[in-house]
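I opened this structure to look up two things. I wanted the ligand surroundings and the packing of some helix pairs.

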Amino acid sequence: MQGQINIQPNQQVIYDTDLIRRRHPALNIARLQRLVLTGFMGAGKSTVGRMLADRLGWEFLDLDTYIEARAGLTVPEIFATHGETHFRKLESQALASALGRQNVVLALGGGAPEVLTNRLLIEQTPATATIFLDAPFSTLFDRCMLQALNAPAADPESASQPTELRPLLANPDAAEGRFRTRRPIYRRLARLAVDTSALTTEETVAGILAALKVDRAAAGS
Ligand code: S3P
């Protein structure tokens, strides 16, 4: 039911490895200044992140949007003009800058955690917890295609292609390969993982707030 948390065993908000738990004994919003949302394209990082930030009264920052503002180009333009390697460089620089902020919910691009230096940067930034939004590849791929079809075209004369917004989805098999490589990386980096496949955005945010021990009244819900 919409607005009610009904978490099935396979959709549980789960805590990650003992190693990570030992390093950061208790997950509690009072001890945190940054929440980093991770997961593959279509996981809902921006939608969930915006609502989460709103509930916490924190700033929301989408790393792709931040990169675009810094570069003066859209992500597809950066890929088309300069290639993925250059995009990853800009992404790492933007991440380092974004992690300097406080009381921020930061939505990463799906590829950011694949870069070791990015993971180290996130892990070594104090008062920072990473949350992994998980779902099967087919669900994520379908969500991305729907989003692209519903996105307003920059030029109404040329209908936007489903893969225009996310260049790495142009080859679905290669995208699935990336998903398989990245999923264990997302899991290892995360303090908290949420299977969002059967949850609404509202339910996902409510589950995260509960795991972070956020007082419901204080969270404005
Ligand atoms: C990418 C994901 C995109 C964007 C870029 C590359 C990836 O972000 O950073 O197209 O490598 O998975 P979203 O995950 O927000 O779509």
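My entries follow, ligand first, then helix pairs.

**Entry 1: the ligand**

I noted at the start that this is a predicted model. I then asked how many residues surround the ligand. I found 14, and the closest are Lys 45, Asp 64, Arg 88, Arg 166 and Arg 182.

With Arg 182, I get 2.6 Å between a ligand oxygen atom and an N or O atom of the side chain. For Asp 64, a side-chain N or O atom is 2.7 Å from an oxygen atom of the ligand. Gly 111 takes part through its backbone: an N or O atom there lies 3.3 Å from a ligand oxygen atom.

**Entry 2: helix 3 and helix 4**

Asp 64 came up again here, in helix 3. Helix 3 covers residues 63-71 and helix 4 covers residues 75-82. I read that their axes come within 9 Å and cross at roughly 60°. Helix 3 is therefore oblique to helix 4. On the helix 3 side, the contact uses Asp 64, Ile 67, Glu 68 and Ala 71. Helix 4 supplies Val 75, Pro 76 and Ile 78. I sorted the residues of this contact: five are nonpolar, none polar and two charged.

**Entry 3: helix 5 and helix 6**

At what angle do helix 5 and helix 6 pack? I get about 5°, with the axes 10 Å apart. That angle makes helix 5 roughly parallel to helix 6. Helix 5 runs over residues 84-98, helix 6 over residues 116-124. Glu 91, Ser 92, Leu 95 and Ala 96 of helix 5 meet Asn 118, Leu 121 and Ile 122 of helix 6. My sorting gave four nonpolar, two polar and one charged residue in this contact.

**Entry 4: helix 7 and helix 8**

My last pair was helix 7 (residues 137-150) with helix 8 (residues 172-189). Their axes come within 11 Å and cross at roughly 130°. So helix 7 is oblique to helix 8. Is the crossing left-handed or right-handed? I have helix 7 passing helix 8 in a right-handed crossing.

Which residues meet? Helix 7 brings Phe 137, Leu 140 and Phe 141. Helix 8 brings Pro 172, Ala 175, Glu 176 and Phe 179. I counted six nonpolar residues in this contact, no polar ones and one charged.

Methods
Residues are numbered from 1 along each chain as its sequence is written. This is a predicted model: local features need pLDDT of at least 70, side-chain atom pairs count only at pLDDT 80 or more; totals for chains, interfaces and linings use all residues. Side-chain values use heavy atoms; hydrogens and water are left out. Axes are lines fitted to C-alpha atoms, for helices over the stretch in contact, and angles run from 0 to 180 degrees between N-to-C directions. Helices (H or I, at least four residues) and strands (E, at least two) are DSSP runs, numbered from the N terminus. Angles under 35 degrees count as roughly parallel, over 145 as roughly antiparallel, 65 to 115 as roughly perpendicular and the rest as oblique. A crossing is left-handed if the near helix is turned anticlockwise from the far one by less than a right angle, and right-handed if clockwise. Contact means heavy atoms within 4.5 Å. Ala, Val, Leu, Ile, Met, Phe, Trp, Tyr, Cys and Pro count as nonpolar, Asp, Glu, Lys and Arg as charged, and the others, Gly among them, as polar. A residue is near a molecule or strand if one of its heavy atoms lies within 4 Å of it. A polar contact is a pair of N or O atoms within 3.5 Å; within protein, one must be able to donate a hydrogen and the other to accept it, and residues adjacent in sequence count only if both atoms are side-chain atoms.
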